[in-house]
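Please follow the account below with the sequence and the structure side by side, moving from the strands to the helices and then to the aromatic rings.

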Amino acid sequence: ELGCGACPVAAFVCLGMGCDVIMSDRPGVLRLTETNLRLNYASLEASRLEFGRGGLTAGLSRTNCDTVSFEWGSTLPQTLTDRQPFNLILCADCIWYPQGHAALSATLAAIISDSEEAGAEPRCVLAFTQRSSPDEKQIESDFLLEALPRAGLTASAPLDIEESLADLPVESSDHGAAATSARQPSREDFASRLVLVDISLSSH
């Protein structure tokens with residue numbers, strides 16, 4: 001997961017499902033990531049072993065769960081190149097800093113290309129929450145329609161996430177009922193704001 005943040009939910013879910021995961025971000029952020037990893041270690045390991053149904057006997061270690069300091073746009077660190085090819089590349093809510101668009105796009109292109117050259121068929125998924133202000137909408141458009149193509153990448157149309165959200169433990173909203181400030185978010189609330197797109201090389 002690129003730009004994993006202090007609490008990398010996507011990476012933790014993958015770990016709990018038995019995947020080998022590398023989380024990358026800046027050094028100051030990774031210190032908090034490591035702290036959260038230690039706090040959740042027992043739960044993640046138990047989930048990993050349970051999900052494997054006996055097929056996974058090894059607990060978490062640096063071999064299957066690691067962090068690496070990495071600045072987008074720089075040369076890929078040895079820790080990343082040694083682990084290639086990657087089957088899944090995740091990047092969540094990382095597009096709202098326009099000055100980082102070129103570096104993030106170049107990094108995604110490099111990782112996808114290297115993984116494909118190594119014989120994998122990597123899937124790169126970009127997730128972000130839609131903002132409402134015109135300036136933020138412009139930032140979103142600039143990344144998807146300008147920064148990615150300049151790096152030789154293409155974004156898919158937004159994926160249909162209704163099925164992915166179907167199991168969330170929230171109630172469907174009742175638009176006929178009076179709104180209250182205490183109303184819990186509904187699946188429709190999530191679906192109306194969350195965007196998932198696949199990123200691929202333009203040559204495909």
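A155 stands opposite I199 in β6. This is a predicted model, in which local features need pLDDT of at least 70 and side-chain atom pairs count only at pLDDT 80 or more, whereas totals for chains, interfaces and linings use all residues. Residues are numbered from 1 along each chain as its sequence is written, and side-chain values use heavy atoms, with hydrogens and water left out.

Strand β5 and strand β6 (residues 194-201) run antiparallel and are joined by three bridges; strands (E, at least two residues) and helices (H or I, at least four) are DSSP runs, numbered from the N terminus. Two strands pair if DSSP finds at least two bridges between them, and four strands form an open sheet of mixed pairing in the order β3-β4-β6-β5. Its edge strands, β3 and β5 (153-155), each pair on one side only.

Helix α1 (residues 9-16) packs against helix α3 (residues 41-51) at an angle of about 45°, their axes 7 Å apart, where axes are lines fitted to C-alpha atoms, for helices over the stretch in contact, and angles run from 0 to 180 degrees between N-to-C directions.

A search of the whole structure finds one aromatic pair, formed by W96 and F128 with 6.1 Å centre to centre and 75° between the planes, which is edge-to-face (ring centres of Phe, Tyr and Trp, the last by its six-membered ring, within 6.5 Å; planes over 60 degrees apart edge-to-face, under 30 stacked, the rest tilted). W96 lies in the loop between β3 (88-92) and α5 (101-117) and F128 in strand β4 (residues 123-129), so the pair ties together parts 32 residues apart in sequence.
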